[in-house]
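Please examine the structure shown below before reading on. The paragraphs that follow begin with a single residue and proceed to the two chains.

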Number of protein chains: 2
Amino acid sequence: MTEPASFPPPSDRTRVRRYHQIASYDPQTVHAILDAMPLCHVGYVHNGTPIVTPTLQWRDGDRIFWHASSASRMIDSVLEQDVCVTVSLYDGLVMARSAFSYNINHRSVMIFGRPEKLSETEKAEQLRNMVNKTIPGQWERLRPVTAQELKATTVLGLSITEASAKVRTGPPQDDEADRAFPVWAGVIPVRMQVLPPEPDPHNLPGLEPPAEIASFHIG
Amino acid sequence: MTEPASFPPPSDRTRVRRYHQIASYDPQTVHAILDAMPLCHVGYVHNGTPIVTPTLQWRDGDRIFWHASSASRMIDSVLEQDVCVTVSLYDGLVMARSAFSYNINHRSVMIFGRPEKLSETEKAEQLRNMVNKTIPGQWERLRPVTAQELKATTVLGLSITEASAKVRTGPPQDDEADRAFPVWAGVIPVRMQVLPPEPDPHNLPGLEPPAEIASFHIG
């Protein structure tokens, strides 16, 4: 009998799962997942209700960052409380021989902690990172940011101190007895595919995308 | 001057954004996004701390479902409180002419409410849906579920009553004045790509994947 945890992962803060689904506190594993997927989910409590807000995160060293309008309600909430930021990737459908062993291959990271509001100096530096970690050198090509724009934006930072990663890879892990059951088992891999760039119809004539977009990837 | 909201979306429960980024309460839009992405993020409060757990959701009519081990700590927490379930897709990088107008194309749904634990009858029915909504007819091909497996699994349901969707599509929305700035602008589309199935090395000889896997897609 497989353990209950073999159903698709209701991931749990501390639990370590079996062989193919490993919880890790190794910074390298955590960083690699954060760098693979800019979309994150920030969980916080607002007026007593949990709210999970999708936004973009980027990592610099041992912190992640995201930004919000300075007028956002999220800002006030998250500066007064611990949050949970989760980043996840769907890597494939694991078609086991029993529904009980159905699963997905996935990578995820959860980070817990109290975000802090960046100073003006750090803010400009991290907005540059937001752009340049996606497309190297792009910040320097853009119309320079104005003081008013900077003022309208808040950047939050969160230390990757209390964090864990979960990774599940590989084929189904059916009970050995189930292997005799005559149903095909395997994995349907899924990945993020980057398609060719689509120019803005308002582009000035003759402009080409920077060569550095070739390095853009997700996953 | 663009509004602060033009940075990548610190999505907000009620806010309606401008033209290309539309908040919607239309069930058809909400359902389409839920059906496009099985990975969801369940936000709840456990011992005073918000937790964002990635798991799989599936929709049947006007409810979504997810499951967990009956021994999971999440179960007790979420039955006593409102949760927020968020589903998001990253659809592309919007390379604007200013960092301030940088964005991502995306689709997301937030659902708020109190989950309920399904009865034994509903549970079996919805586990069948979990499998068959991904690969039609697969539940009937699998090694039948046992009473013990059913007992070890809890399925939670959440009504799609208080829900909203956000969708951003299309090219950058720079200020008109910025269009004269000589930098390439456009979108790099990203999508989920399904790759050919990889058979489990333990498969019995001669087994082929069901033809219905051709209908498996994400996004």
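Glu122(A) is partly exposed, with a relative accessible area of 27%; buried means under 20%, exposed over 50%, and partly exposed in between, computed with a 1.4 Å probe on protein chains only. This is a predicted model, in which local features need pLDDT of at least 70 and side-chain atom pairs count only at pLDDT 80 or more, while totals for chains, interfaces and linings use all residues. Side-chain values use heavy atoms, without hydrogens and water, residues are numbered from 1 along each chain as its sequence is written, and chains are lettered from A and ligands numbered from 1 in the order in which they are written.

The partner of Glu122(A) is Arg63(A): the two form a salt bridge whose closest N and O atoms are 2.9 Å apart. A salt bridge is a side-chain nitrogen of Lys or Arg within 4 Å of a carboxyl oxygen of Asp or Glu. The pair links distant parts of the chain, since Arg63(A) is in strand β5 (residues 63-69) and Glu122(A) in helix α3 of chain A, 59 residues apart. Helices (H or I, at least four residues) and strands (E, at least two) are DSSP runs, numbered from the N terminus. Arg63(A) is buried, at 17% relative accessible area.

Asp174(A) lies in the loop between β10 (162-168) and β11, and Arg97(A) in the loop between β6 (83-95) and β7 (103-113) of chain A, so the pair ties together parts 77 residues apart in sequence. Asp174(A) is buried at 7%, and Arg97(A) is buried at 1%.

How are the two chains related? A rotation of 180° with 0.0 Å of shift along its axis superposes chain A on chain B, with an RMSD of 0.0 Å; the superposition is by least squares on the C-alpha atoms of residues with pLDDT of at least 70 in both copies. That is the relation of a two-fold axis. In chain A, the C-alpha nearest the axis belongs to Met192(A), 2.3 Å from it.

The contact (heavy atoms within 4.5 Å) takes 102 residues from chain A and 102 residues from chain B. Across this interface the rule finds four salt bridges. Arg143(B) forms a salt bridge with Asp178(A), the closest N and O atoms being 2.7 Å apart.
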